[in-house]
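This briefing covers aromatic contacts and the nonpolar core.

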Amino acid sequence: MIARSSTAALRPILALLLSLAAAACDRPAQPIEQAMVADPDEWPGWGRTGSETHYSPLDAIDTGNVDQLKLAWHFDLDPGYTASTPLMAEGKVFLTSGHSHIRALDAVTGKQVWEYDGGTRERATSALNMSWGNKGIAYDSGHVFLVTTDGYVISLDARTGKEAWKTFDYPDDAPRNSNGAPRVFGGKVIVGFGGGDISPARGFVSAYDAKTGKLAWRFYTTPGDTVAPGNEKAEALMRKTWPSGWTNPDGSRRGGGGTAWNAFSYDGELGLVYLGIGNGFPYNQAKRSPGGGDNLFLASIVAVDANTGAYKWHYQVCPGEQWDCTATTDMTLATLKIDGKDHKVLMQAPKNGFFYVLDRATGQFISAEKIAKVTWADRIDRKTGRPVENPGIRYAGKPGLFELWPGPTGAHSWMPQAYSPLTGLVYIPVIEQGALIGEGQEGGGEIAAGMGVTLIPEVELPGSHRSFLRAWNPVTQSLAWEVELPGNWPGGVMASAGGLVFQGQIDGRFVARDAMTGKQLWSFKTESPIVGAPITYRANGRQYVTVITGSGGNGAGINSPGNAAFRTDYRLPRRVLTFALDGKDVIPPFQLPELVPPADPDFKPDLARAQAGAMLFGTRACLVCHGWNAIGGGAAPDLRYSPMITDAATFRQVVKDGALKMNGMPPFPAFTDEELETMRFYLRARAQAAPAEQKALLDKAKAAQASNAKPQDFAGKWNLVIQTPVGPQKAVMELKVAGNVVTGRISADQGTVDVAGGVKDGRAKFQGKASMPMPITVSYDVTVRDGKLSGENTNGPFGKFPVTATRP
């Protein structure tokens with residue numbers, strides 16, 4: 001009786017507490033800036049607004065009903081680059097695919113209203129000018145804006161698709177390309193360009209009048225002999241940080257870079273545009289700037305006056321950068337309550353593995369912490385805002401290679417992060433991937449000539465080839481939650497006021513998660529990978545969510561092995577998919593044919609020739625689109641399965657003469673006929689090895705299971721076959737076992753390696769040192785079943801390869 005009476009007495013108090021708790025849940029975790037939530041029905045720019053939050057205030061689709069989300073309409077796209085973010089304005093969805101192929105679709109029905117071809121494929125004279133394609137476009141005041149990969153800035157009438165104006169952005173013939181999304185801030189079209197990995201060309205950002213196309217200002221990001229109007233203060237500041245200058249004795253440019261190809265933000269109240277600046281060239285600072293120095297504005301965030309382009313402040317994330325460290329990822333603007341006070345901040349997770357919070361009015365450093373594995377620096381000094389570098393990372397003049405985390409892919413690449421003021425969390429697509437980097441060595445390692453470094457970005461290291469969606473608290477600089485994602489190339493992110501985070505995945509799923517917990521609430525099988533970020537909008541009172549499918553970017557090229565277990569095939573359907581709560585559309589089923597290499601009965605292995613072809617494939621930029629070790633990632637056809645590689649005449653017509661230029665394959669006239677045949681031989685070798693590699697991927701899960709093998713089962717002599725990227729390599733392995741300790745020797749034509757290790761849970765793991773020509777570690781993880789040995793060989797940084805062996 002007493003207990004029941006007490007409970008009854010507490011009920012009003014409990015009800016009040018629950019009411020207060022509910023009210024607290026309705027309050028945003030952080031202040032909501034009006035600029036962040038303006039024009040809620042539309043998505044007119046890359047990050048929706050100049051705050052670049054990739055956040056929508058729409059909440060009709062929320063955590064309680066997202067499981068009812070259905071496909072409302074879809075639109076099929078041609079093969080070509082589709083790792084892009086669409087827009088929505090004035091009742092139309094605008095998008096770019098391929099090489100600046102712009103379409104306007106009805107936002108409710110998906111029917112095409114108009115289309116426009118930017119003309120890049122007809123005009124382009126170099127592979128760089130063609131590149132992959134554009135990541136996005138912009139809309140403002142009845143016009144759609146694009147910048148083609150070969151440098152044309154264009155304004156289209158949003159009603160008709162007709163050109164309003166067109167101008168060329170490049171002032172000279174230095175190698176450049178433009179594939180980031182333009183922005184329209186304060187009546188100016190802001191555009192940048194790329195190319196800082198192949199040339200010391202001087203970086204700059206251009207602003208054009210949105211109505212007329214007239215150049216309003218140009219801000220240079222590295223010093224030069226001429227000073228642009230309004231750049232006097234910035235030029236004086238930069239020159240001090242290049243103490244030995246930037247030119248060779250003959251006057252040619254020695255050092256440069258600083259390209260701003262992707263990230264721009266805007267604060268209309270402060271009148272500032274924020275520029276995210278890229279890496280230097282050469283990578284090796286000793287060659288770029290022998291006198292050292294910070295080399296501004298490389299790897300920096302720079303604030304400039306929106307009207308004049310005049311310098312206001314900067315913050316450098318990697319002073320004296322030499323690791324392809326860039327600040328070209330999204331810069332998110334928000335107000336954060338820190339220590340009880342509101343701070344207008346800029347937040348960025350650049351490549352270098354730290355998450356930064358800066359005062360966006362002054363550039364003052366507030367905080368930074370690691371969001372991924374980092375080996376180049378221990379921390380960011382709170383007093384100076386500068387990194388405390390780890391010993392050894394300044395590789396100039398030092399032998400060997402430095403294990404660099406994150407690698408040049410970055411802990412965060414160009415795929416957008418999102419921020420929700422409701423949760424106060426930033427949602428970051430994070431990559432865990434290391435690399436090896438060091439002084440340029442005789443015999444190769446340079447992906448682009450003149451880098452001055454040996455760089456191996458696709459490395460087999462413990463913990464590599466992984467990706468995550470991490471929810472980060474920028475006030476406490478701590479992880480709120482994380483979800484490990486399939487593959488190593490995460491899609492861009494979008495957050496909404498419905499308490500949701502949307503993201504596409506490399507395994508062909510489009511997923512919605514609870515923004516507070518990361519719990520998956522809904523998914524849709526898309527048939528194709530998704531890399532570009534989704535958007536949400538409202539039309540006729542109904543909320544929609546749109547995403548474009550298709551693989552692309554570095555994960556479809558240099559980092560393709562990390563996604564090899566998933567079908568990212570170039571031939572997979574590329575579509576615009578739009579969802580609503582009462583959608584009734586369906587996509588037709590699609591079944592890719594089995595991957596079968598072309599018949600090549602005349603092929604005879606030749607290791608030396610295959611290795612020479614591999615060097616050509618790697619150093620002539622082929623791997624950028626067709627994948628590391630020729631493992632296709634979806635940006636272009638997987639050449640291991642192309643019949644073209646079995647016919648010399650066809651191969652020459654396509655690669656050297658440009659027979660498929662209009663399909664997106666640029667010509668490479670610099671190849672000699674002998675080089676072409678050597679590289680074709682390499683691709684034929686890769687085709688021969690492909691079935692065994694594919695089988696190994698399928699069998700990997702089974703092979704990882706615990707084995708019943710006893711230590712003595714591994715002892716003795718084995719005839720070993722390693723499926724390397726240049727074909728199967730034979731070796732003889734002799735192992736001795738004492739208890740659980742394994743020792744032995746592996747002999748092949750390339751040399752002999754002494755190994756040592758042990759047996760545990762039925763698996764033998766052992767390793768040894770070799771030189772190829774640099775010192776590397778060769779390791780094995782194998783088991784024995786039914787008298788046959790199988791497993792993996794890790795050949796230093798060059799990859800993991802299937803291993804099989806039988807008794808002689």
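Tyr-274 is buried, at 0% relative accessibility, where buried means under 20% relative accessible area with a 1.4 Å probe and protein chains only. Trp-313 is also buried, at 4%. This is a predicted model, in which local features need pLDDT of at least 70 and side-chain atom pairs count only at pLDDT 80 or more, while totals for chains, interfaces and linings use all residues. Residues are numbered from 1 along each chain as its sequence is written, and side-chain values use heavy atoms, without hydrogens and water.

**Aromatic pairs**
- The structure holds 29 aromatic pairs (rings of Phe, Tyr and Trp, the last by its six-membered ring, with centres within 6.5 Å; planes under 30 degrees apart are stacked, over 60 edge-to-face, the rest tilted).
- The ring centres of Tyr-274 and Trp-313 are 5.9 Å apart with planes at 50°, so this pair is tilted.
- This pair links strand β17 (residues 272-276), which holds Tyr-274, to strand β20 (residues 311-316), which holds Trp-313, 39 residues apart; strands are DSSP runs of E with at least two residues, and helices are runs of H or I with at least four, numbered from the N terminus.
- Phe-617 and Tyr-682 also form a tilted pair, because their centres are 5.5 Å apart and their planes are at 50°.
- Phe-617 is in helix α6 (residues 607-619) and Tyr-682 in helix α9, so the pair ties together parts 65 residues apart in sequence.

**Nonpolar core**
- The largest nonpolar core has 67 residues, and Trp-323, Trp-376 and Phe-617 have the most contacts inside it (buried Ala, Val, Leu, Ile, Met, Phe, Trp, Tyr and Cys joined through side-chain atoms within 4.5 Å).
- Helix α9 (residues 673-704) gives the most to this core, with seven residues.

Conventions:
Buried means under 20% relative accessible area, exposed over 50%, partly exposed in between (1.4 Å probe, protein chains only).
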